[in-house]
Amino acid sequence: MAQTQEQRKADTRSRLVEAAATLFAERGVDAEAAGRTSGAVYAHFGSKQGLLLALLDEWAHSLVTVIAAEFEVAPTVEERLRAVAANVVTNPTTETRRLLLLERELWLRAARDSQVAAGMRARARDAHERLTRGFAAWINEELIEPVASPDVLATVFRALVVGLEMQQRIDPDAASVETAAEAMGTVLGVTTRTSRHRV
């Protein structure tokens, strides 16, 4: 069945956003696609700035989405922390690695661009609120100790995971799954198997 003009336009727009996500993750937000004109970008988004904002609007994944998915597949807090350590910090999939690189690139652009910063702030607030609600539920269920407010835990936990992942990207031997899980457990007041063995 033939596509309508609107469907073709939507497909083209979607392909441009996907291509931009890959390019920006691999080569930075200021990279230009080799052999491509900017005509399609301007026709669909008005400017490269418009493309960046569309990427923010349509980009459904984030570090918090990945963390939440890992939390949902493991039955205990300790296993959830090990899952995040393994699948976000020490051995992420190619797709997760690309996602995290893209997030870094967008944060860098946001530091210099107020429109991108506004979009990133909105995303960061949503992500922070999601983690805060999760940690509040864990405290209520007595899965973790209330070592700090859920709001503070969300801030420190996300910062720690980001830092560990960046360190691991530069130095693959920086932390093992056990070390990363123990660091995250320390933030949440959770004793992992590794830390118990050291006592």
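Rings of Phe, Tyr and Trp (its six-membered ring) are taken to pair if their centres lie within 6.5 Å; planes under 30 degrees apart count as stacked, over 60 as edge-to-face and the rest as tilted. By this rule, two aromatic pairs are found. One of them joins Phe 135 and Trp 138, edge-to-face, at 5.7 Å centre to centre and 70° between the planes. The model is predicted: local features need pLDDT of at least 70, side-chain atom pairs count only at pLDDT 80 or more, and totals for chains, interfaces and linings use all residues. Residues are numbered from 1 along each chain as its sequence is written, and side-chain values use heavy atoms, with hydrogens and water left out.

Phe 135 and Trp 138 both belong to helix α7 (residues 114-140), where three residues, about one turn, separate them. Helices (H or I, at least four residues) are DSSP runs, numbered from the N terminus. Phe 135 is buried at a relative accessible area of 1%; buried means under 20%, exposed over 50% and partly exposed in between (1.4 Å probe, protein chains only). Trp 138 is also buried, at 7%. Phe 135 pairs with Phe 157 as well: the centres are 5.4 Å apart and the planes at 70°, so this pair is edge-to-face. Phe 157 lies in helix α8 (residues 150-170), so the contact with Phe 135 of α7 ties together parts 22 residues apart in sequence. The ring pairs link Phe 135, Trp 138 and Phe 157 into a cluster.

Helix α8 has 21 residues. Its buried residues include Leu 153, Phe 157, Val 161 and Glu 165.

Seven salt bridges are present, each a side-chain nitrogen of Lys or Arg within 4 Å of a carboxyl oxygen of Asp or Glu. Glu 18 and Arg 98 form one of them, at 3.2 Å from N to O. This pair links helix α1 (residues 5-27) to helix α6, across 80 residues. Glu 18 is partly exposed, at 43%, whereas Arg 98 is buried, at 17%.

In α8, Arg 169 and Glu 165 are four residues apart, about one helical turn. Their side chains meet in a salt bridge of 2.5 Å, N to O. Arg 169 is partly exposed, at 25%; Glu 165 is buried, at 2%. Glu 103 and Arg 104 form another bridge, with the closest N and O atoms 3.5 Å apart. A network of salt bridges links Glu 103, Arg 104, Arg 158, Glu 165 and Arg 169.

Notes: Helices (H or I, at least four residues) and strands (E, at least two) are DSSP runs, numbered from the N terminus. The expected span of a helix is 1.5 Å times one less than its number of residues.
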